[in-house]
Amino acid sequence: MQTNQAIAGVIDRLDMEDFPIGSKVKTPSGRVGTVVKHRGAQSRHDLFQRIIIEFDEPFGDSVALQPHLLKMVRKPDASS
């Protein structure tokens, strides 16, 4: 039996929970930032989850991206 690759891609997509707050991630542009917030669908017309990422340089620069666009660099350290 052949697998439908379009469906397989959706099933294997990363979710917000795959990027805990405090994680270091790489954006499609190659910038590395820290996950600071998770944002769910904002309305019935906007069905996408987004992750808010803040960059170190320039200070205060941030972006909201969908999880499937990100690559994990480092998960946050467990604090006691």
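**Close-ups of a predicted protein model**

**View 1. Asp18 is partly exposed, with a relative accessible area of 32%.** That label sits between buried, under 20%, and exposed, over 50% (1.4 Å probe, protein chains only). The whole model is predicted, so local features need pLDDT of at least 70 and side-chain atom pairs need pLDDT 80 or more, while totals for chains, interfaces and linings use all residues. Residues are numbered from 1 along each chain as its sequence is written, and side-chain values use heavy atoms, leaving out hydrogens and water. You'll find Asp18 in the loop between α1 and β1; helices (H or I, at least four residues) and strands (E, at least two) are DSSP runs, numbered from the N terminus. Leaving aside neighbours within four places in sequence, Asp18 is in contact with Met72 and Lys75; contact means heavy atoms within 4.5 Å. Asp18 and His68 are 50 residues apart in sequence, yet their C-alpha atoms are 9.9 Å apart in space.

**View 2. Arg13 sits in the loop between α1 (5–11) and β1.** Arg13 is partly exposed, at a relative accessible area of 48%.

**View 3. Zoom out for a moment: the protein chain has one helix and five strands.** Read from the N terminus on, the elements go α-β-β-β-β-β. Of the 80 residues in the chain, 25% are buried. Take the contacts with a separation of 6 or more: 41% of them link residues 24 or more positions apart.

**View 4. The five strands make an open sheet in the order β4-β3-β2-β1-β5, with antiparallel pairing.** β4 (62–65) and β5 (71–74) are at the edges with a single partner strand each, so one side of each has no neighbour in the sheet. On average, neighbouring strands here are turned by 45° against each other, direction ignored; the axes are lines fitted to C-alpha atoms (for helices over the stretch in contact), and angles run from 0 to 180 degrees between N-to-C directions. If sheets are new to you: strands pair through backbone hydrogen bonds, either parallel or antiparallel.

**View 5. β1 (residues 24–26) and β2 (residues 32–39) run antiparallel, joined by three bridges.** Two strands count as a pair if DSSP finds at least two bridges between them. Look for Lys24, which stands opposite Thr34 in β2, and for Val25, which stands opposite Gly33 in β2. β1 and β2 form a hairpin with five residues between them, and Gly30 in its turn has a positive phi of about 95°.

**View 6. What does β3 pair with? Six bridges connect β3 to β2 in the antiparallel sense, and four connect β3 to β4, again antiparallel.** On the β4 side, Glu54 is partnered by Ser62. The hairpin of β3 and β4 has six residues between the strands, and its Gly60 takes a positive phi near 90°. Five of the six residues of β3 are buried, so the strand is largely enclosed by the rest of the structure.

**View 7. Nine residues form the largest nonpolar core: Met16, Phe19, Val25, Val35, Ile51, Ile53, Phe55, Leu65 and Leu70.** Strand β3 (residues 50–55) gives the most to this core, with three residues. A core like this is a set of buried Ala, Val, Leu, Ile, Met, Phe, Trp, Tyr and Cys residues joined through side-chain atoms within 4.5 Å. Not counting residues up to four places away in sequence, Met16 touches His38, Arg39, Gln49, Arg50, Ile51 and Pro67.

**View 8. Arg31 lies over the face of Phe55, at 3.8 Å from the ring centre.** To count as a charge over a ring, NZ of Lys or CZ of Arg must be within 6 Å of the ring centre and within 35 degrees of the ring normal.

**View 9. Is Gln66 buried or exposed?** Gln66 is buried, with a relative accessible area of 19%. Its place is the loop between β4 and β5. Apart from neighbours within four places in sequence, Gln66 is in contact with Phe48, Gln49 and Arg50.
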